[in-house]
Amino acid sequence: MQIIPTGETLGARIEGIDLAQALTADDTRTILRALGAHGVLCLPRQTLGVDAFADFGSRFGGLEINVANMFHEPDHPEVMILSNILKDGKPTGLGDAGQGWHTDMSYSRLIALTTILHAQQVPLRDGQPVGNTEFRNMHAAYEGLPADIKARIAGRTATHDFNKFWEMMRARPGNTRPPLTQAQRDRKPPVSHPIAYPHPITGKTVLYCTIGYVTHIDGMDPAESAALLDILYAHQDRPEYLYTHRWTKGDVLMWDNIGTTHNAIPDYGDIPRYMRRVQVLADRDYAAMVA
Ligand code: SIN
């Protein structure tokens, strides 16, 4: 296995591994270390099927079955389909997933270590990929915070609510997401997490607070909370923390959901895009796994 960093703030390619073959414990450790070091890993030209894709994800933790799981691969509720492709006029996948800055599963009591996508169809315009995915480096964003802001968020938690992003998407013109049912809301009630979060692989502190799901800073006056959140969002928005992945069919892209935040760019209209996705729960002792 060769790990080739992009040289940018995030990202590395991993060559020389076929995910259709069984991984060794050493392979898993190497990938986890690379995930902590580079945040976004691209394993190109992978041809694995749905079973092997789910198996790969489950090397790193349990696989979440999404609370609003409307589209998944047959017999695999844990493998979601993100796609704009229609069949007989009906959607075959979630067509608007992740279109806004967010951190997958920060709304969950048990958060996600990583999300993994396998690109089945990548939209091209004039021969160039569109539908890129953008990431921000939240290790670097925390490091780069002024000392007074670090002091203000120390020991603080923020509330994350699944319904916030859902309703933001529903408010977009033409969106067809139904409102969440009460049962769905009960399964994912608002939860609190530290804003300065200890990363389970690197042991360093990351900024775990992104606009998609965060509603407020707990125990703070609402105006003060809103003003401090604006500072945190503007800070993480700085260009030096940004990395963009341009997709190629066959890419398996694995990102650190604690040390990065991301945004899917919806610039491809009805040019077909089809991704398989698993969300991997942070339910293992990663420090021990990488030791
Ligand atoms: C996501 O936020 O999980 C979707 C990202 C993408 O489709 O590019």
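In this predicted model, a polar side-chain atom of His262 lies 2.9 Å from an oxygen atom of the ligand, which places the pair among the polar contacts, defined as pairs of N or O atoms within 3.5 Å. An oxygen atom of the ligand is likewise 3.1 Å from an N or O atom in the side chain of His102, and for the side chain of Arg277 the corresponding distance is 2.7 Å. Of the 260 Å² of accessible area that the ligand has on its own, the protein covers 99%, as computed by the Shrake-Rupley method with a 1.4 Å probe.

The model is predicted, so that local features need pLDDT of at least 70 and side-chain atom pairs count only at pLDDT 80 or more, whereas totals for chains, interfaces and linings use all residues. Residues are numbered from 1 along each chain as its sequence is written, and side-chain values use heavy atoms, with hydrogens and water left out.

The residues around the ligand, that is, those with a heavy atom within 4 Å of it, include Leu82, Asp104, Trp255 and Arg273. By class, this shell has five nonpolar, four polar and three charged residues, where Asp, Glu, Lys and Arg count as charged, Ala, Val, Leu, Ile, Met, Phe, Trp, Tyr, Cys and Pro as nonpolar, and the others, Gly among them, as polar.

The space taken by the ligand is the second largest cavity; on a 1 Å grid over the protein atoms alone, a cavity is a set of points where a 1.4 Å probe fits but cannot get out, and a molecule sits in one if more than half of its atoms lie within 2 Å of its grid points.

How values were computed
Polar contact = N/O pair within 3.5 Å; in protein donor to acceptor, adjacent residues only side chain to side chain. 1 Å grid on protein atoms, 1.4 Å probe; cavity = no way out; pocket = protein on both sides within 12 Å on 5 of 7 lines; lining within 4 Å.
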